[in-house]
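This briefing accompanies the structure shown below. Please read it alongside the sequence and the coordinates.

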Amino acid sequence: MVRTIAAVVLGYIAMALLVFALFTAAYLAMGTDNVFLPGSYQVSLAWVALSIVVSFAAALAGGYVAAAVSRGTRAPLALACLVLILGIIFAIPALGQPDPGARAGDVGNIAAMTNARPPAWTLFLNPVIGAAGVLVGSRLRRRT
């Protein structure tokens with residue numbers, strides 16, 4: 001039981017660290033004007049596509065870590081459920097966030113993360129992608 005809990009926690013931490021690092025690198029590489037639509041905090045289609053890839057990659061790693069630590073299937077399944085449930089819980093309030101107003105020029109990474117407004121459908125797609133990525137990552141670990 002302790003191993004399962006540790007596997008879920010470590011898998012989630014691995015996902016969180018990778019998400020932060022990959023999104024920060026992607027934001028710096030793409031630049032503000034390519035991440036957001038002109039004069040707003042609405043994200044571009046390129047950013048949406050990249051976020052799907054980054055989310056899946058981080059989830060793969062989280063599933064792999066959970067499977068490696070637990071040496072079983074319970075922890076990755078629990079992690080996938082956690083990702084799905086927390087993703088939906090965090091998506092709901094994000095729908096009602098007020099418009100941050102017009103974007104003036106370049107903004108830093110923290111301001112971009114705080115004010116970014118992705119399309120509503122992506123808020124609910126990301127938890128599904130994350131859960132699927134965790135399960136695929138755990139299968140990759142079991143094969144090795």
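**Contacts of S138**

Beyond its neighbours within four places in sequence, S138 is in contact with G63, Y64, A67 and P76, where contact means heavy atoms within 4.5 Å. The model is a predicted one: local features need pLDDT of at least 70, side-chain atom pairs count only at pLDDT 80 or more, and totals for chains, interfaces and linings use all residues. Residues are numbered from 1 along each chain as its sequence is written, and side-chain values use heavy atoms, with hydrogens and water left out.

**Overall architecture**

- The chain contains six helices and zero strands; helices (H or I, at least four residues) and strands (E, at least two) are DSSP runs, numbered from the N terminus.
- Along the sequence, the pattern reads α-α-α-α-α-α.
- The C-alpha trace spans about 50 × 30 × 20 Å along its principal axes.
- Among contacts in the chain with a separation of 6 or more, 82% are between residues 24 or more positions apart.
- Of the 144 residues of the chain, 35% count as buried; buried means under 20% relative accessible area, exposed over 50%, and partly exposed in between (1.4 Å probe, protein chains only).

**Nonpolar cores**

- The largest nonpolar core has 12 residues: F23, A26, Y27, V35, F36, Y41, V43, W47, V48, V54, V107 and A112. Such a core is a set of buried Ala, Val, Leu, Ile, Met, Phe, Trp, Tyr and Cys residues joined through side-chain atoms within 4.5 Å.
- At least two residues of this core come from each of α1 (2-30) and α3 (45-70).
- A second, separate core of 11 residues includes A7, V8, A66 and V83.
- V43, a member of the largest core, is in contact with V35, F36, L37, V48, A116, R117, P118 and P119, leaving aside neighbours within four places in sequence.

**Packing of α3 and α6**

- Helix α6 (residues 120-143) packs against α3 at an angle of about 40°, with the axes 6 Å apart. Axes are lines fitted to C-alpha atoms, for helices over the stretch in contact, and angles run from 0 to 180 degrees between N-to-C directions.
- The crossing of these two helices is right-handed, that is, the near helix is turned clockwise from the far one by less than a right angle.
- By class, this contact has 15 nonpolar, eight polar and one charged residues. Ala, Val, Leu, Ile, Met, Phe, Trp, Tyr, Cys and Pro count as nonpolar, Asp, Glu, Lys and Arg as charged, and the others, Gly among them, as polar.
- S138 is found in helix α6 and counts as buried because its relative accessibility is 3%.
- The C-alpha atoms of S138 and V65, 73 residues apart along the chain, are separated by 7.6 Å.

**Further residues**

- T32 is found in helix α2 (residues 32-35) and counts as buried at 6% relative accessibility.
- Not counting residues up to four places away in sequence, T32 touches Y27, R103, G105, D106 and V107.
- R71 is found in the loop between α3 and α4 and is exposed, with a relative accessible area of 67%.
- Phi of R71 is near 60°, a positive value in a residue other than glycine. Most residues other than glycine have a negative phi.
- A78 lies in helix α4 (residues 74-95) and counts as partly exposed at 33% relative accessibility.
- The C-alpha atoms of A78 and T4 are separated by 8.7 Å, although the two residues are 74 residues apart along the chain.
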